[in-house]
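Here are some notes to read alongside the structure. I have grouped them by chain, with the place where the two chains meet at the end.

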Amino acid sequence: MRGRRRDLWWTVTVAAFLTVLAFLVYPLVTVLVTSFSGDDKRFVLAANYERFFTHRYYYSSIINSLYLSTLATLGALLLGTTLAFAVARYPLPGRPFLRAAANLALLSPPFIGAYSWVVLFGRMGLVNRILGEFGWSLPTIYGWRGILLVFIVQYFPFVFLLVSAALRSVDQSIEDAALSLGSPPRRTIRTAILPILAPSLTAGGLLVFMGTMADFGTPMIIGEGLRTLPTLMYGEFMNELGGNPAMASTLGSLLILVNTVALMAQRYYAFRKAYNVVCIQPLQVKRTSRGQLLLLTVFAYAVVIVALIPALTIIISSFMPTKGPVMYAGFSLQSYQTIFFRVPRAIANTFGLTALAVVLDVFLGVLVAYLLARRRSRAHAILDSLIMLAYAIPGTVVGVGLIVVYNRPPVVLTGTWVILLVSYFIRHLPYPVRSCTAMLQQIDIRVEEASVSLGVPPFRTFVKVTIPLMFPAIISGAALAWMTTIGELSSSILLYSGPWATMSVAIFTEVFSNHFGTASALASILIVAAFVPLFLTYRVLGERGALGV
Amino acid sequence: MTRVQVQGIVKRFGDMPAIDGISLEVRPGELFTLVGPSGCGKTTLLRIIAGLLDQDAGSVLFNEDRMDEVPPYLRNIGVVFQSYAIFPHLTVGENIAYGLKARRVSPDRITAKVAEAGHLVQLEGLLDRMPSQLSGGQQQRVVLARALVIEPRLLLMDEPLSNLDAKLRVQIRSLIRAVQRELQITTIYVTHDQEEALAISDTIAVMDRGRVLQVGKPWELYLKPANRFVADFIGTMNVFRGRVEEGAAGDLRALVTGFGQRWQVPAAGAPGASISVGVRPESLALEPGANAGETWNSLTGMVTEAAYLGAVVRYEVRVADGLNVTADIHNPDFAAIRLVGDRVTLWFAASRAVLLPDQAGEA
């Protein structure tokens, strides 16, 4: 409004820009620049890239990563979409359980999933030891097969959730129209339903692809030396012989490139394929033959049980007596006692840092979301893209970038807890921003204008009207940020130092020193800690929903 | 009571002028309606008066107070939005009390005033409900009470009835008018519905493409539309183009229509000038047979459509190639019914013809 251009929102815009530039853009640019520097810090055009693409040791990592992520994406799409159709369209017994279970599978960070499969099927694993008594053995779980299994099982719920939501927005009349025009059922799915789902399918596929590309913990734990881009990047950066930041940055830059290309491709495709669907009556549940129903039921439960195995294995094994990697039948709190003696700091660090990061994410996220939704300008569009960049950038790259930038004056953050907080905060800022922007787009701007016209100045209107109306989005954004921050490993493993190890780091080191019991106990706490806010969110939002807010 | 003056308001969105230099005066205590097709700028003008939008040029005055630099929350106006803009997280009572709390009115006074406002809009007993439990008509009453309870200098209403069904629309319309009369509050009302505008207003301004074409009482706009746009927008108008000839008595001149009919109409304009003449459907009488020329101001044609509506029959009569005339015959008895295909003669009294300048300039 006239004469009030430099208001509070102007300050927020500037603050948000400075934050994103300092903690995301500058580190990323530094990584890109470093990838072009030589051993003696001179600018060497593409020497590192030449070395990368001429040495099998290096280039095998990008081949492995692309290969694994592509297969994992296809597998997750197939599994997630089929399950979504089965649950949405057929009268399977226990459909609410199936939906909830697929949600729950998202709670354990992938590297914990990887570890749980090692606990079950690894060399010293429970299943292999039982089979060993009979003289049998299973093919190895380690290597690319294990990684692929974990990737698909850990990431298919993203596809399931997105496709399920999209299916709810398809009107029954679409299917009826296709069938009445003489299109057989299978052809109807292919030609009438799937095209409408295309944006959600590709969005789900993108999440799987970017997530698996960036996944550091899974290949570390179950890959047994199989090099992927993030693990090799970590190895190059943290090498005991001194480390090679230039090569690590090269790997990081390639990782950014691959993910950015995937993101752009999906955006471009989804933008062109986005249809406005008016849904009055959602797709109905179909009757089907007993045989087909049985088949679908077995399939759905098999998928969901496999998805829940990691969490169950972890929690059960945390209560078993252990000796190194070997677990014995029985009940014991030994593992919990050990962790409270050995790593109490890690537990406190994780909860403290996560809580602080989530509070900051929500605080800035709410303000930025308001700007993006209500004060749309070119500057805000740029800010939007920059914040969303955090989605596409792997934690390993953020970690390396932050270290390279903040381990020298004027600002030294390495070795402190602040650098962990910065990484957590900036990487998970998109969650509250996204949820709140989406919510604001549904809140009638006239409600705010009504408040202003009734004599309440804009900022007080924001506090008294807008924030209460955004409440569900704030809560769900916070819950998502909490869930994804609390088990964060890929940047923590680079950024922690001495006393500032987190639980995820502790799990990782416990696994590598063969203390499976303590790793399970820590992972159990993580899973429960991720679950509780999500559960509460559903409860709270359920009530709010009843108010029609 | 507040007098509102709008002086030379201009507002552009990009290169498009949304408001192209509008000046208006709203008299104290009257209900003043801005009516026009969608996109004519009526809501934009309302939002500028409310202070929710800044004009590029011009001024808004409430009595002698220039409001241009006054932010909306200090203007003390009640606004009723098309989408209601009810606060969904507050009860009905809290919604109504919202503006009073902002004015730091004492809790006792708030309770009393909320009850009074609730009574005024017939919402007693619903004050503890949440908005989601209310019907559309009840929600509309809540926002009306919420806007009135702060005793605003001015009440602004933006298409307040457009989300209601036809029956409720008439009901709430009467309520708004009754409350407005009782409180004698200056009100600016925006609608695209000409019938609603005629029914509710003291004064109407017809807008098109960012300009005001005519301001007047409802009957002035209907009976003496300033130009063709107003004539078409307010009610239905048959328009005939023709050329002025000399040789008639009194104020009347002879007019030769484009299809060869010679009429006597109150036509200002030099002989030879080209003009348009409008005749309302209800000003036309209809007889069977082709008798044109026997009386002045008549024309013959064939019925192409006949819609029997009970109190009225609406006929479409083709009088020339590409020229259809609409005629409303009220209170028709059996003998007056004509069927599609019948030859008929239409005629009208000279005094009911309206001279219509073609351009919008005469506003």
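Before the points, one definition that helps with the strands: two strands pair if DSSP finds at least two bridges between them. Please also keep in mind that this is a predicted model.

1. **A pair of strands in chain B.** With that rule in hand, take strand β14 (residues 274–279) of chain B, which pairs with β20(B) in the antiparallel sense over three bridges. One residue pair to look up is Ser276(B), whose bridge partner in β20(B) is Leu356(B).

2. **The six-stranded sheet of chain B.** Another open sheet in chain B has six strands in the order β6-β7-β8-β3-β9-β10, and here the pairing is mixed. At its edges are β6 and β10 (211–216) of chain B, each pairing on one side only. From one strand to the next, the twist averages 15°.

3. Strand β7 (residues 154–158) of chain B runs parallel to strand β8 (residues 187–191) of chain B, and four bridges join them. Lying across β6 and β7 of chain B is helix α4 (residues 136–148) of chain B, which runs at about 170° to β6(B).

4. **The domains of chain B.** Chain B is divided into domain 1 (4–229) and domain 2 (236–357). How far apart do the C-alpha centres of these two domains of chain B lie? They lie 40 Å apart. The contact involves four residues of domain 1 of chain B and five residues of domain 2 of chain B. On the domain 1 side of chain B, the residues in that contact are one nonpolar, one polar and two charged.

5. **The domains of chain A.** The domain assignment of chain A gives domain 1 (1–34 + 330–549) and domain 2 (60–312). Taken over C-alpha atoms, the centres of domain 1 and domain 2 of chain A are separated by 24 Å. The contact takes 28 residues from domain 1 of chain A and 29 residues from domain 2 of chain A. On the domain 1 side, the elements of chain A that give two or more residues are α1 (8–34), α17 (395–406), α22 (492–495), α23 and α24 (516–546). Helix α24(A) gives the most to this side, with seven residues. By class, this side of domain 1 of chain A has 22 nonpolar, six polar and no charged residues.

6. **Helices α15 and α23 of chain A.** Helix α15 (residues 344–374) of chain A packs with helix α23 (residues 503–512) of chain A at an angle of about 140°, and their axes are 8 Å apart. An angle over 145 degrees would count as roughly antiparallel, so at this value α15(A) is oblique to α23(A). Ala346(A), Ile347(A) and Thr350(A) of α15(A) make the contact with Met503(A), Val505(A) and Ala506(A) of α23(A). These residues are five nonpolar, one polar and no charged.

7. **Helices α3 and α13 of chain A.** The axes of helix α3 (residues 56–89) of chain A and helix α13 (residues 290–318) of chain A cross at roughly 125° and come within 10 Å. That angle makes α3(A) oblique to α13(A), and the crossing is left-handed. Leu79(A), Leu83(A), Ala86(A) and Val87(A) in α3(A) meet Leu296(A), Phe299(A), Ala300(A) and Val303(A) in α13(A). The residues of this contact divide into eight nonpolar, no polar and no charged.

8. **Where the chains meet.** The contact takes 23 residues from chain B and 21 residues from chain A. On the chain B side, β6 (77–80) and α2 (92–102) of chain B each supply at least two residues. The largest share of that side comes from α2(B), with three residues. The chain B side holds 15 nonpolar, four polar and four charged residues.

Definitions and conventions: Residues are numbered from 1 along each chain as its sequence is written. Chains are lettered from A and ligands numbered from 1 in the order in which they are written. This is a predicted model: local features need pLDDT of at least 70, side-chain atom pairs count only at pLDDT 80 or more; totals for chains, interfaces and linings use all residues. Axes are lines fitted to C-alpha atoms, for helices over the stretch in contact, and angles run from 0 to 180 degrees between N-to-C directions. Angles under 35 degrees count as roughly parallel, over 145 as roughly antiparallel, 65 to 115 as roughly perpendicular and the rest as oblique. Two residues are in contact if their C-beta atoms, placed from the backbone, lie within 7 Å. Ala, Val, Leu, Ile, Met, Phe, Trp, Tyr, Cys and Pro count as nonpolar, Asp, Glu, Lys and Arg as charged, and the others, Gly among them, as polar. Domain bounds come from an automatic or database domain assignment. A crossing is left-handed if the near helix is turned anticlockwise from the far one by less than a right angle, and right-handed if clockwise.
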